[in-house]
Amino acid sequence: MPMDNTPHTPAAASPLTRAVLEIDTYASGLGWDRPALLFALVDTARLRASEPGLADRLELTESSELTPIEQEELPAGVPLDEFLATIAWPDAVAGCALVVERLMLPPSAEQAVPEELAREGAEERLAAWVAEHPERREVRMTVAVLRDGSRESALRFRDKDTETEVLTGTDLVPGLAAALSATFEE
């Protein structure tokens with residue numbers, strides 16, 4: 001999957017931030033209501049040295065330090081946390097990224113969740129309640145981690161789906177970042 005550095009990516013951004021924004025832009029081009037996407041992040045210079053043909057096919061730019069490589073589609077019907085627990089990356093992979101869409105509620109609405117839906121085992125009913133809530137917002141989250149523990153995230157809300165409205169930060173989705181980091185533990 002060839003990806004380009006996008007105009008909204010600050011030149012001073014870290015390589016991981018640039019990779020996250022590159023993946024976010026790619027996912028945005030695919031549209032909404034899509035299954036999760038998983039990417040391996042590889043060191044571009046290392047990829048050029050070890051796989052020059054692949055690097056040429058991917059049309060890698062010299063300025064890219066990390067190259068996202070889209071992985072096979074995630075298996076249907078397997079909870080994301082269970083799937084992530086099965087991943088073991090080879091040494092050539094410097095990091096990974098995941099793109100998922102979710103519904104979010106503002107903190108005020110989260111406090112109004114009925115007690116019976118907050119219990120373990122009520123996940124489907126809770127999801128239905130959130131989907132019907134008038135304050136829900138659809139969000140696409142792109143979360144990436146490196147082997148060294150570095151993290152970065154990008155959030156794009158469906159109702160503000162423009163390049164200039166993408167939020168970035170290291171701890172926007174800490175639970176998902178921790179689950180991705182666990183894929184590098186032995």
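Over how many bridges do strand β3 and strand β4 pair? In this predicted model, the count is ten bridges, which link residues 93–104 of β3 with residues 137–146 of β4 in the antiparallel sense.

The β3 and β4 pair belongs to an open sheet of six strands, arranged in the order β2-β1-β3-β4-β5-β6 with antiparallel pairing. At the edges sit β2 (66–70) and β6 (167–169), each of which pairs on one side only. From one strand to the next, the twist averages 20°.

Helix α1, spanning residues 15–30, lies across β1 (37–43), β2, β3, β4, β5 (151–157) and β6, and runs at about 30° to β5. Helix α7, spanning residues 174–182, lies across β3, β4 and β5, and its direction makes an angle of about 35° with β4.

A closer look at helix α7 brings in Ser-181, which lies in this helix. Ser-181 counts as buried because its relative accessible area is 19%, and the cut-off for that class is under 20%. Leaving aside residues up to four places away in sequence, Ser-181 touches Val-145 and Arg-151.

Note on methods
Residues numbered from 1 in each chain as written. Predicted model: local features only at pLDDT ≥ 70, side-chain atom pairs only at ≥ 80, totals over all residues. Heavy atoms only, no water. Pairing = 2+ DSSP bridges. Helix = DSSP H or I, 4+ residues; strand = E, 2+ residues; numbered from the N terminus. Axes fitted to C-alpha atoms, helices over the stretch in contact; angles between N-to-C directions. Contact = heavy atoms within 4.5 Å. Buried < 20%, exposed > 50% of the residue type's maximum accessible area, 1.4 Å probe, protein only.
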